[in-house]
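Please look over the sequence and structure shown here before reading on. The notes that follow are grouped by topic.

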Amino acid sequence: MKKNDIKRDLRYLELLAHSFPTIADAATEIINLQAILNLPKGTEHFLADLHGEYKAFQHVLKNASGSIKRKVNDIFGNTLREAEKRELCTLIYYPEQKIQLVKAQEKDLQDWYHITIHQLVSVCRDVSSKYTRSKVRKALPQDFAYIIEELLHESTDDHNKAAYVNVIISTIISTGRADDFICAIASVIQRLAIDQLHILGDIFDRGTGAHIIMDTLAQYHKWDITWGNHDVLWMGAAAGNEACICNVIRLSLRYANMRTLEDGYGISLLPLATWAMETLKDDPCDGFEPITSAGSGQLDEKTRRLMAQMHKAVSLLQFKLEAETYLRHPEWKMEERAQLYFPTPSPLTDAERELVKKLRHSFRVSEKLQGHMQLLLSHGSMYNICNGNLLFHASIPLNDDGSLREVMEMGSGRELLENIETTIRAAFQNDTEPEERRNAIDFFLYLWCGPDSPLFNKSKMATFERYFMTDKESWREEKGNYFRMRDDSKVMEHIMDAFGVTGEHRHIINGHVPVHAAEGENPIKADGRLMVIDGGFSQAYHKTTGIAGYTLVYHSRGFELVQHEPFLSVSDAIRRGTDIKSTRQIVEMANHRMLVADTDRGMELRRQIRDLEHLLYAYRHGYIKEKLLGV
């Protein structure tokens, strides 16, 4: 260590000394960080294309994509019957509801409490074993923090401690706190089973509970998202892009999903309904009937008729607004789409302008919608690099030869995605120049359906053709080069090089295009370099994919892909102990169990250790004085 290095960093070391004012403090922290480096790597879960399926999403979080069930099997093996293990898992997932069922059926409730709490402590001890006591302590609910911590670190196998542990549990029961304790420790198990959650885009549209998913994430301990095209569409609507607003409403009507708009965000569609009934009262609105699913429920004929009228009305508004935007931005090279809609300019009427103004106002003043968009901004990005994995939602624009494609002077590859992200954020900043902000708000439409948008990357979005043209050839949407080349490992390696992703076992992970698992399509592509994990969470895709979503799990021993079958219902899970049936596929196993030292977090901890070692040197050689207590 050179004196010049210390002198150069002295200002920083003086600041660091405020947190570690003595040699003992700095040395203790070094010991702590070195120990953390040798803990097993935390478990990461990757999900994509949730599309409003909040019940399945919440269940996947509660069961940690089947990890909790696997741990229960490992811990109890043949000592519990399959039915008992299933009951215990259900209790961990839905403790409040399951306890009520048990109370109605169990004859010896005190005995059940004793046995069950011991079992839950065993599971909790297992899932907490890869974390420091400090991290586990932070995850504990305040009311039971001390008790849970004591139970986790004492065992009935120790004869001297058995009575101590049993008295704690007996007292929990005798004081009437057993129900609350079970709920608390079940929550801790769920919390510790997943260290970090990565969402690869598309929380919104199709399903009925995107707002509930966002509420769930708002309370979640650690998560991030790489924005998808449907997320960006809603962000554009929230920012005031009128074409995006009409697209959001159109998709909601198409899938008979008004719950997110009306119940979730308080968006009033009464002005649209009134206008649609007046202007389309004699129009049969063929082709605009809503597509219903189990989530949307059955619709009576009057409701279906109204939704079809609203669907067609908002679609016509959408095409007019899109045409105006394309003509306003010739750099997008989408004028042909405007001319397809309307060969001659067809501006909105005064009545239509007033209707659009009302709809825009409803989106802009929705406090909950704006709050959820801020949540997407604070936790989201166009891409993410985490532990040797490059995450993005859909694609990277490529030329015909596989090289990175330059898009509208915004750059290519990493630069392109970073410039797009800057533009998205500018749309929500009040200090952005008015013209720049207007262009940024407009740009959400290009991200939704522009040919070179990394979130779309097709020749066109054939919505107009599907509604109004019988020639199905006109419906064809040619996929961009990325989708045609994603089985080429050299192309994928080139993309990772361009993004600065390093490591022998590096990967690209994305979603967007449903994997046709039922037809034998493999989600692992490009010799294992690319993992496409859109398995069709949305009910609308179940027939297409043949499954109900994927979870990619990255734990200390490697990658596993969990393939889910449809989730029936919460009530069925609670009453009968049914679960999401999952098939696990080993994708890639490590040669050794990965530690925190092998992760991005490990790199950061080593930097902190180096800084603390410099601080120790500065203390011991008199460059900085210790701040001893009382001195």
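This is a predicted model: local features need pLDDT of at least 70, side-chain atom pairs count only at pLDDT 80 or more; totals for chains, interfaces and linings use all residues.

**Briefing on selected sites**

Arg414 has a relative accessible area of 32%, and it therefore counts as partly exposed, a class that lies between buried, under 20%, and exposed, over 50%.

**Arg414 and its surroundings**

- Arg414 belongs to helix H22, which is made up of residues 413-426.
- When residues up to four places away in sequence are not counted, Arg414 touches Tyr383, Ile385, Ala498, Phe499 and Gly500.
- Between Arg414 and Leu317 the separation is 97 residues in sequence, while in space the two lie 35 Å apart, taken from C-alpha to C-alpha.

**The five-stranded sheet**

- An open sheet is built from five strands, which follow one another in the order E5-E6-E7-E9-E8, and its pairing is mixed.
- Strand E5 (384-386) and strand E8 (524-525) are the edge strands of this sheet, each of them pairing on one side only.
- Strand E6, covering residues 389-391, pairs with E5 in the antiparallel sense, and three bridges join the two.
- Within this pairing, Asn384 has Leu391 in E6 as its bridge partner.

**The cavity**

- How many cavities of 30 Å³ or more does the structure hold? It holds one, and the space in the largest cavity comes to about 30 Å³.
- The lining of the largest cavity consists of Met382, Phe392, His393, Ala394, Ser395, Leu417, Pro454 and Leu455.

- Glu560 is placed in strand E11, which runs over residues 558-564.
- Is Glu560 buried or exposed? Glu560 counts as buried because its relative accessibility is 11%, and the cut-off for that class is under 20%.
- The side chain of Glu560 forms a polar contact, at 2.7 Å, with the side chain of His555.
- With neighbours within four places in sequence left aside, Glu560 is in contact with Thr551, Leu552, Val553 and His555, and also with Arg584, Gln585, Ile586, Val587 and Met589.

Notes:
Residues are numbered from 1 along each chain as its sequence is written. Side-chain values use heavy atoms; hydrogens and water are left out. Helices (H or I, at least four residues) and strands (E, at least two) are DSSP runs, numbered from the N terminus. Buried means under 20% relative accessible area, exposed over 50%, partly exposed in between (1.4 Å probe, protein chains only). A polar contact is a pair of N or O atoms within 3.5 Å; within protein, one must be able to donate a hydrogen and the other to accept it, and residues adjacent in sequence count only if both atoms are side-chain atoms. Contact means heavy atoms within 4.5 Å. On a 1 Å grid over the protein atoms alone, a cavity is a set of points where a 1.4 Å probe fits but cannot get out, and a pocket is an open set with protein on both sides within 12 Å along at least five of seven lines; lining residues have an atom within 4 Å of a point. Grid points are joined across faces, edges and corners, and a volume is the space filled by probe spheres set on the points. Two strands pair if DSSP finds at least two bridges between them.
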